[in-house]
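Subject: Structure for your review

Dear colleague,

Please find the sequence and the structure below. My notes on what was found follow directly after.

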Amino acid sequence: MKKILIINDFVSWGKIAGSQVDTILTYKGYDVIFLPTALISNIFSKGGFSDFDTSPYIKESLDRWKDLGVKFDAVFVGYLKNSRQKDLIMTYLQSLDQKPLVIHDPIMADKGTLYKGLDPSIIDVHRDFSKISDISIPNFTEAKFISQSKSEDPLTIAKIIGENNKKVIITSVNDENSHNILAYNGKEAEKISYDYIDKSFAGTGDIFDGLFLEAYLKTYDFRLSIIKAKDTISKILKTKVASDEKSIDIKIEKYLNLL
């Protein structure tokens with residue numbers, strides 16, 4: 001059984017973030033350890049929120065697991081609170097004798113702006129971390145911030161992030177006629193279209209992360225894993241809309257039978 005470390009935020013009120021990734025991977029039979037980077041009271045759409053920086057806990061946990069000889073097949077890194085957390089995690093990864101697969105979703109922005117409450121310095125944090133990741137999964141806004149490119153061409157941006165043959169998935173690559181995911185395998189790129197549903201949802205990126213990681217660790221087929229993840233999300237969202245459920249977050253436990 002493959003062991004996966006999820007490093008991401010935990011949201012108490014709202015089914016998003018690390019708990020979504022954890023639930024998907026655990027359901028699919030992986031041995032998952034979830035290390036929260038922040039404890040957040042509620043999803044941002046509720047209005048104000050409170051959060052707690054877990055940096056001391058991250059350091060102590062990583063130190064303890066290293067002492068215990070815990071080995072991970074993959075490490076997923078999402079929401080980071082600050083540069084201290086980045087340094088702690090990078091130092092830990094660089095100290096390992098056996099390097100795990102590192103997947104990074106720079107959760108910080110969408111629709112051209114940073115998420116509420118985030119300092120612009122977080123862009124440098126994720127830019128640094130993307131350099132040591134094997135696979136990066138930003139949305140288009142996050143990709144623009146990380147790449148520092150003035151170009152609007154997603155392939156140009158992907159090549160900057162994926163220098164040295166790293167893989168990049170840019171979600172939300174949309175134009176007037178289609179909604180797409182850009183898949184860059186380190187050498188070539190392909191736009192993969194998906195069915196767009198004109199409703200607001202929270203946590204779709206988290207679900208994509210979990211589904212992609214699950215499929216990729218099983219097949220190591222980059223393109224196939226993206227297609228499987230986007231097709232499964234489409235099924236989940238269509239089922240949710242048909243059920244007329246009012247909440248914008250996705251209670252993934254209700255849809256595990258679709259995975």
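Predicted model: local features only at pLDDT ≥ 70, side-chain atom pairs only at ≥ 80, totals over all residues.

Overall architecture

The protein chain contains 8 helices and 11 strands. Its radius of gyration is 17 Å, close to the 18 Å that the globule rule gives for 259 residues, so the chain is as compact as a globular protein of that length. Along the principal axes, the C-alpha atoms fill a box of roughly 50 × 40 × 40 Å. Of the 259 residues, 50% count as buried. Among contacts with a separation of 6 or more, 65% are between residues 24 or more positions apart.

The sheet

An open sheet is formed by 9 strands in the order β3-β2-β1-β4-β5-β8-β9-β10-β11, with mixed pairing. Strands β3 and β11 stand at the edges with a single partner strand each, so one side of each has no neighbour in the sheet.

Strand β1 (residues 3-13) runs parallel to strand β4 (residues 74-77), and 4 bridges join them. Within this pair, Leu5 has Val75 of β4 as its bridge partner. Strand β10 (residues 179-184), by contrast, pairs with strand β11 (residues 189-193) in the antiparallel sense over 5 bridges. Here Leu182 has Lys191 of β11 as its bridge partner. The hairpin of β10 and β11 has 4 residues between the strands, and Gly186 takes a positive phi near 100° in it.

Ala189 also belongs to strand β11. With a relative accessibility of 37%, Ala189 counts as partly exposed. Leaving out residues up to four places away in sequence, Ala189 touches Leu155, Leu182, Ala183 and Tyr184. Its C-alpha atom is 9.7 Å from that of Lys167, a residue 22 positions away in sequence.

Together with Phe10 and Leu39, Phe52 makes a nonpolar surface patch of about 280 Å².

Buried positions in the helices

Leu62 is located in helix α2 (residues 55-67) and, at 3% relative accessibility, counts as buried. Apart from neighbours within four places in sequence, Leu62 is in contact with Leu5, Leu35, Leu88, Ile89 and Tyr92. Of these, Tyr92 is 30 residues from Leu62 in sequence, while the two C-alpha atoms are 6.9 Å apart.

Helix α5 (residues 140-147) is mostly covered, with 7 of its 8 residues buried. These are Phe140, Thr141, Glu142, Ala143, Lys144, Ile146 and Ser147. Their cover includes β6 (109-110), β7 (113-114), α4 (122-130), α6 (154-161) and β9 (167-174).

Salt bridges

The count comes to 14 salt bridges. One of them joins Lys81 to Asp51, with the closest N and O atoms 2.2 Å apart. This pair links distant parts of the chain: Lys81 is in the loop between β4 and α3 (83-95), Asp51 is in strand β3, and the two are 30 residues apart. Lys81 is partly exposed, with a relative accessible area of 28%, and Asp51 is partly exposed as well, at 31%.

Lys144 counts as buried at 18% relative accessibility, whereas Glu152 counts as exposed at 55%.

Lys218 and Glu214 also meet in a salt bridge, at 2.9 Å from N to O. Both lie in helix α7 (residues 204-219), 4 residues apart, which is about one turn of the helix. Glu214 is buried, with a relative accessible area of 3%. Elsewhere, salt bridges that share partners join Lys86, Asp87 and Asp128 into one network.

With kind regards

Conventions. Residues numbered from 1 in each chain as written. Heavy atoms only, no water. Patch = residues over 30% accessible without salt bridge, like charges linked within 9 Å, V, L, I, M, F, W, Y side chains within 5 Å. Areas by Shrake-Rupley, 256 points an atom, 1.4 Å probe, with all protein chains shown as cover. Salt bridge = Lys/Arg side-chain N within 4 Å of Asp/Glu carboxyl O. Pairing = 2+ DSSP bridges. Rg over C-alpha atoms; globule rule 2.2 N^0.38 Å. Buried < 20%, exposed > 50% of the residue type's maximum accessible area, 1.4 Å probe, protein only. Contact = heavy atoms within 4.5 Å.
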